[in-house]
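This report covers pockets, helix packing and a strand sheet. Here is the structure.

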Amino acid sequence: ITRLHKIKNVSLIIESFELFTKQYPNSQLKIIGLGNQFRKLKTLAKNLGIEKKIKFLGRVNRDRIPEEINASHVYLHSSLYETFGVVFVEALSMGRPIVTTDCGGADDIINNQVGIKVKKNNPIEFYKAMLIIYKNYNKYDSLKIREYCESKFSENILTEKLIQDYKLSLKENI
């Protein structure tokens with residue numbers, strides 16, 4: 001679920017997925033989003049011989065996103081750079097583990113209990129993280145992932161943190 005732009009590095013997911021399908025040929029990848037890399041990514045999938053295993057869903061109505069996340073087992077994110085990854089929180093709120101690149105935005109969101117962070121631009125490392133999640137899927141308890149998300153990113157928690165930060169800032173400036 002992303003804008004299909006070079007900085008989002010979706011080609012990394014496709015290259016890693018191609019490795020994954022060699023072991024698990026019945027796997028399917030869904031890519032949601034549009035952007036200037038759309039045709040290039042479809043061509044990459046075709047050149048790797050996995051175009052039938054990837055569904056490019058294009059732009060999806062925002063109301064359908066929870067349904068798509070819920071129908072998936074894991075969320076894959078390959079961005080080169082992020083500030084705060086809202087989509088991480090969306091996936092976690094649905095109880096889905098995450099494989100992501102170390103893109104900055106994941107630092108305060110993803111830990112070992114809810115997913116795996118890997119180096120940027122390394123399809124083999126990304127593929128290995130996908131394998132770890134697959135082989136240990138039962139250890140990623142969706143209820144615990146949702147509880148973690150709620151405890152860190154619910155509206156009440158974030159509002160309280162913002163108020164505390166604001167009060168601290170006022171004290172420091174007096």
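The largest pocket holds about 730 Å³ of space. A pocket here is an open set of points on a 1 Å grid over the protein atoms alone, where a 1.4 Å probe fits, with protein on both sides within 12 Å along at least five of seven lines. Its volume is the space filled by probe spheres set on the points, which are joined across faces, edges and corners.

This is a predicted model: local features need pLDDT of at least 70, side-chain atom pairs count only at pLDDT 80 or more, and totals for chains, interfaces and linings use all residues. Residues are numbered from 1 along each chain as its sequence is written, and side-chain values use heavy atoms, with hydrogens and water left out.

**Pockets**

The largest pocket has 30 lining residues. Lining residues have an atom within 4 Å of a point. Q28, L29, S72, V74 and L76 lie nearest the centre of the largest pocket. At least two lining residues come from each of α1 (10-23), β1 (29-32), α3 (65-70), β3 (75-77) and α5 (123-135). Helices (H or I, at least four residues) and strands (E, at least two) are DSSP runs, numbered from the N terminus.

The second largest pocket has about 330 Å³ of space. It is lined by 18 residues, with I1, T2, R3, I32 and R62 closest to its centre. Helix α4 (residues 86-93) gives the most to this lining, 3 residues.

Ala, Val, Leu, Ile, Met, Phe, Trp, Tyr, Cys and Pro count as nonpolar, Asp, Glu, Lys and Arg as charged, and the others, Gly among them, as polar.

**Helix packing**

α4 packs against helix α6 (residues 142-153) at about 135°, with the axes 7 Å apart. Axes are lines fitted to C-alpha atoms, for helices over the stretch in contact, and angles run from 0 to 180 degrees between N-to-C directions. So α4 is oblique to α6. Angles under 35 degrees count as roughly parallel, over 145 as roughly antiparallel, 65 to 115 as roughly perpendicular and the rest as oblique. V89, L92 and S93 of α4 meet I145, R146, Y148, C149 and F153 of α6. Contact means heavy atoms within 4.5 Å. By class, these residues are 6 nonpolar, 1 polar and 1 charged.

α6 also crosses helix α7 (residues 155-173) at roughly 30°, and their axes come within 5 Å. α6 is therefore roughly parallel to α7. E150, S151, K152 and F153 of α6 make the contact with E155, I157 and L158 of α7. That contact has 3 nonpolar, 1 polar and 3 charged residues.

**Sheet**

Three strands form an open sheet in the order β3-β4-β5, with parallel pairing. Two strands pair if DSSP finds at least two bridges between them. β3 and β5 (115-118) are at the edges with a single partner strand each, so one side of each has no neighbour in the sheet. Neighbouring strands are turned by 10° against each other on average, direction ignored. β3 and strand β4 (residues 98-101) run parallel, joined by 3 bridges. Y75 has I98 in β4 as its bridge partner.
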